[in-house]
Each structure stands twice: as C-alpha cells, then as structure tokens.
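Have the viewer open while you read.

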Amino acid sequence: MAKNNTQQEELLGRKPPGWLERQLGTEAYRALRGMATNPISVIGTLLLAIFLFVAIAAPVLAPPAHTNDPYQIPRDGYGQVPKPPGTEWRTRQPPLPFWWKAVTGKDNWIHIMGTASGQWDIYYGVVWGTRTALRVGLVITIITAIVGIIVGSVSAYYGGTVDIVLMRIVEVFIAFPFLPAAMTLSAVLTPIIGRGLFPPMIAIIVFGWTGVARLLRSDVLSVREREYVLAAKVIGVSDARIMFRHILPNAIFPTLVWASMRIGSLVITFAALSFLGIGAEVGYADWGQLLSFARDWMTQLGEYWYIVTFPGTILVLFVLAWNLVGDALRDVLDPRLQGSR
Amino acid sequence: MSAYEAQSSSEHLLEVKNLTTRFYTEDGVVYAVNGISYTMDEGDTLGVVGESGCGKSVHALSMMRLIPIPPGKIEAGEVLLRGRDLLKLSEEEMRHVRGAQLAMIFQDPMTSLNPVLTVGFQIMEALKLHQGMSDHEARARATELLEMVGIPEASLRLDDYPHQFSGGMRQRAMIAMGLSCNPMILIADEPTTALDVTIQAQIMDLVKRLRDKLGMAIIWITHDLGVVAGLAQRVNVMYAGSLIETGPVKEIYGNPHHPYTAGLLGSLPRPDDPPGTKLFSIKGEPPDLLGLPKGCPFAPRCTYAVERCFHEAPTLEPTEPGHLVACWEKERVEKIQ
C-alpha cells in the first residue's frame, strides 16, 4: 500500500514525502524546512545551540567551588578594585577544569574575563548565568503564555460580560508602568518568600501576562468569525473542540512569535531588576547581577571595560538569538504564506 | 394562513411555521425573517431565491439555530423536522441534529475549510462525532465519500490541506462533509456562486446525481434563477425577509403572480434578444430591513401598487393548487416578455 501511494504521488507529479515529512505531517515539515533554509533562523538557532551547550556544560566549563550551591559565584578575596582578564586566582581557587592544562599548558586557574568589583569571577558568572537566563526566560514565558492564552481565548470565545470583566482586569494591570510595578511587587514579595529568583519571576509574570491575553483575544476574535468555524458548528462540533481544534491553531501563530521574542526581552527585564538589586541574591550567577557590580565604576569604564563588556555582550547575543528565531518563526508561520511550497 | 394549514394535513419531512428572526442592533431592530412558512417532503428539492439581503441565508441559519445570539433572536415560529420542533431542543440535542440530520454547505469553498486541518480530518470529524466511528472506519468512509464526489486519488487526498485543493475540489470536499452522515436535508447556501461556470455545472450535476442516489431533500439557496430552474421542483421567492411567492418551478417561471417574481424573471437576459436590447430592471432598491414599511414591502417599487398595498400587508393565498402568492393585485400581474 505504501509503495502504491508513492507511485500515485509520482503520477500526481509530486515528490513522495520523505521519512521526516511522514513523521511530522505536511505543515510541521514545511515550517521546519522553512526554519532550516532561512539564514536568519539558522544564525539564531546556532546562537541558541551555543547557549544551550554552555548551559549544559557549565560544570565542565567552570567547575563550581561550592558543589552544593553551584550558582554561587566564587570570589577571589574581597577587594573593591576589579582585576583585568588573565589575572591569576590567588585565594579559594575553584577546581581546575580538566581541559585547561591541555589547552593552555598552565597549572593554575586564571580569571578568564577578569573579576568584578568585590572580586567575583566574571567568567564563572557568565557561564552559570546562561543557565539562569534560560531558566528564567523559559519559565516566565511559558507561565505568562499559558495564563494569557487561557484568559485571551476565554474572553474572546465567550464574549459579552465575561469579555468585559476580563478585559477590565487586564486594563487594570496594564495601567501600571511595567518595570516600576514589577520592582515594587518584587520588593514586597522578597521579605515574604525570601530573596532569590522567585520574587522577581512572580512579579514579572503578574504584570506580564496581559500583553499575550490581548494579542490572543484579538486573533481569536477574528478567527471566530471565519466561515470554517461556522462550517464546524454546522456539523455539530462542541464549543470546547471548536475552540481548541479549529480556532486556536489558527490564532496561535502570533502568540508563538511573541513568546520566542519574549524569552529574550524577559532576560533583559530580569537583568534590570537584578541590576537594581531586587533580583537574585548577591553573588548569584546572573548576568544582570554581574552588570550591577559595575555600577560604582561607570565613570572609569575605559580602564575597567571588561566588567561591562563580557556580561553585556552575552546578554545582547542572547536577546538577539531569540529575536532572530522569533522573526524567522513569524515568516514561516504566517498563515498568508501557507500554501507557498 | 388558512390555505397553508389546509396543506399540512399529513406529517411532512420539514415543516417551517411562521419563522421570525430579528436582530437587535444598536441602530435598531433588523427584521431579517418575517414569519415564513412552508413544507418539504422526502426527496424534495426546494429553491430559495431572492436578492442579496432578503433573508435567505438568515432563514437557513435560523433553522440550524446558528444565528449569533445576541444580537439575533428567533422571535417566533416552529421548525418541525419529522414532527420534532428544532427550536425547542436544548443546545446539546441540537448539536446532534446538526451534521447528522440537517447539513449545510456554504457559498465560498475557499474560506469554509479550516486551513490548518487536513481535508480528511474535517470530513472524518462529523463521522466520529455522530456515528461514533473509529479512526479507521471514519477514514474508510471519508475515502468513499471523496470518491463519491469525484475526487481522484481519494485515499491520498485525505491527507492534503485545503490549500492543495482547487476551488471546485474544495466545494466537492465540502459536499462530502455535508453528506458524511446521510442527512435528511442538505441546505446549500449559494454553493456555486464563487465558482466559475464550468465548475458550477459540474457541481450541480454532482448534487443532482447524489440527490437521486441518496434520496435526501435539498434546500438550494441562490439568487441565480437559472440554477433553480434546472434543479428544483419547488421555488420559494423571498423579498425583504418575507416569503412572497411559492409554487412548483414550472408554475413560478411560466405564470408568476407576484410583481417582484415577474420582474426578476423579466430581468433575465435571453439569448434570442436582438443585440443592444436593454435589460429589464426593477426600479428602486430593496427596503432597509431596519425599518420595514407598513403594508407590502415591495409596494414602493411596484408598478401595480394600489392604495391598499401601502397600508395592509398581503398574506399568502393560492392562485392555483400549490401556488401561493402574497399580493393584493395578483390577478392583474402579468409575465414580462
């Protein structure tokens, strides 16, 4: 039968679907092929792959000094003045990575990217900060997306009073300026649940779900009126099934693009909170935290460039990678481009 | 009403009584369907004709109970399908009627299929829903249906997405969806309007063939009088939300008694007209359904109108057996040559 189908496909003048296409289905395969042939998405995906590798290989790239608390950045003394890249570790040197000797031929561990004010090792913070960035970005984005999708689709599908009430709630949240609101809530939560990643994450989620709720609501509103939704009603499909099988797959693409870009921008927001001292506790491996160590040395960046350049560049690349992937996703998933194969 | 009741002695397949639908909009009340009544029997094909905005589609959607509520509201009436009033069913019971007993296909096949679901999925959905088929059974049946509506390589085409189908094929697929559960009545809402003439002819042939094979009743909504002539046994002519004339096709076409019907037929171009002949047209425009005039809705455009037409709405009354007309001056109306 399979062979027969292949022959028929050839008769129809089409290439028989490959193994991957059969596994994924035509649409998903087309999206994947689009992603793989678009230079923008290839660069973005490559950058993301590097970040993923760094995050996974963190214990090998920068072995932790405190094995029970690897997110704590090791510090080399307590001096205020930053030290340039290449300075040797003097006190409390963490274990040497196995590849170090093979690559450099040296026996002692150095500060590859220098130290920040307070002698925190920048290289360690950058490497382990990748894990924090991915965790923070993904967790916040997934939770905000779920909340936003539920609120947005319920609001649009039921309409009427439900819609009015939900949208007024959304407007109340939007009325607060995002960053000050998140800072305030984070500051309020910190004494209650303790300092750490959770207060800023909760604060960002609480004030961040409204955008996606509105985005999805507007898309569902437009898809809801399409004739194929009426056609589904005509054959007696239930409300919930129409929502999830017929409407949502048509309305979700802008939200997916939003989500991928959001992961990048969230890390900036989170870094901003960390920079202001509201995010992670002091010494936690987080890019914003590293940047906040540079606060007192702003006027002398000519001399101490490395305290901003390394964490800053990484942050920019991380955001860029997600934006490139988001851009490419938008191109590939745009329903108007569907059918051009 | 009396003539109508005399007709409805035995039980019909479909009996629509005094169906009235209104839309309560911010601008006022839209009188979309104003008390229409008719009956249909097994295997009947009914043509519903009228110009855009005369309530043809709203009347069909009201029977399916798919008009948006609010702003729409079915004010009054009964829709008896084999004696069971659809307007009194719960939403859940109605869901089991839709697709299974009453099916509907739409005007634009380009937009009536969901672009992110395969054609097969959409055909199989009703089968699984109403007949409790397994994936495997539904697939076999869907293949059969696609073959029946004349799509080659049906088993393969099930996995295609709508954008891989041409317009005619999509309408065929829509018809397959509509027929999937052997409905008693298929409502076709201008299904050939968006297609070119050759495809239109193919689709009509297909529908005729399927009607004779499956024995279902069809309500064919259109503004194309030619289509109705070739397909239907009876015709309902609608104007401004009211049923103004109903009867057998031959009667309506040969012997129209409503000035509007006569005007519609008169405005058809004829092949034997000498070149340069101006087409006949009905003067004026259909009334705004927001505020219908008292009396006959057609009166302001009617050349036969007398004083009475502006005050008193005419009711459907027979001129011949089975041919009902709502016009006070029906005896004077003549066919336009």
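Two strands pair if DSSP finds at least two bridges between them. Strands (E, at least two residues) and helices (H or I, at least four) are DSSP runs, numbered from the N terminus. With that in hand, look at chain B: its 8-stranded sheet is open, has mixed pairing, and runs in the order β6-β7-β8-β3-β9-β10-β12-β11. The edges belong to β6 (102–105) and β11 (317–320) of chain B; each has a single partner strand, so one side of each lacks a neighbour in the sheet. On average, neighbouring strands here are turned by 25° against each other, direction ignored.

A word on provenance: this is a predicted model, where local features need pLDDT of at least 70 and side-chain atom pairs count only at pLDDT 80 or more, while totals for chains, interfaces and linings use all residues. Residues are numbered from 1 along each chain as its sequence is written, and chains are lettered from A and ligands numbered from 1 in the order in which they are written.

Chain B has a second open sheet, with 4 strands in the order β2-β1-β4-β5 and antiparallel pairing. Its edge strands are β2 (28–40) and β5 (84–85) of chain B, each with a single partner, so one side of each has no neighbour in the sheet. Some strand pairs from both sheets:

| Strand pair | Sense | Bridges | A bridge partner pair |
|---|---|---|---|
| β6(B) and β7(B) | parallel | 4 bridges | Ala103(B) and Leu186(B) |
| β1(B) and β4(B) | antiparallel | 8 bridges | Thr20(B) and Ala76(B) |
| β4(B) and β5(B) | antiparallel | 2 bridges | Leu81(B) and Arg84(B) |

Now for the helices. How far apart are the axes of α7 and α8 of chain B, and at what angle do they pack? The axes of α7 (residues 167–179) and α8 (residues 197–214) of chain B are 10 Å apart, at an angle of about 20°. Axes are lines fitted to C-alpha atoms, for helices over the stretch in contact, and angles run from 0 to 180 degrees between N-to-C directions. That makes α7(B) roughly parallel to α8(B) (angles under 35 degrees count as such). Residues are in contact if their C-beta atoms, placed from the backbone, lie within 7 Å. Among those making the helix contact are Ile175(B) and Leu179(B) of α7(B), and Leu206(B) and Leu210(B) of α8(B).

Zooming out, chain B comes to 11 helices and 12 strands. Its C-alpha atoms fill a box of roughly 65 × 55 × 45 Å, taken along the principal axes.

Finally, the contact between the chains takes 22 residues from chain A and 26 residues from chain B. On the side of chain A, the elements giving two or more residues are α1 (2–11), α3 (26–37), α11 (227–234) and α12 (239–251) of chain A. The largest share, 6 residues, comes from α11(A).

Terms used: Contact = placed C-beta atoms within 7 Å. Parallel < 35°, antiparallel > 145°, perpendicular 65-115°, else oblique.
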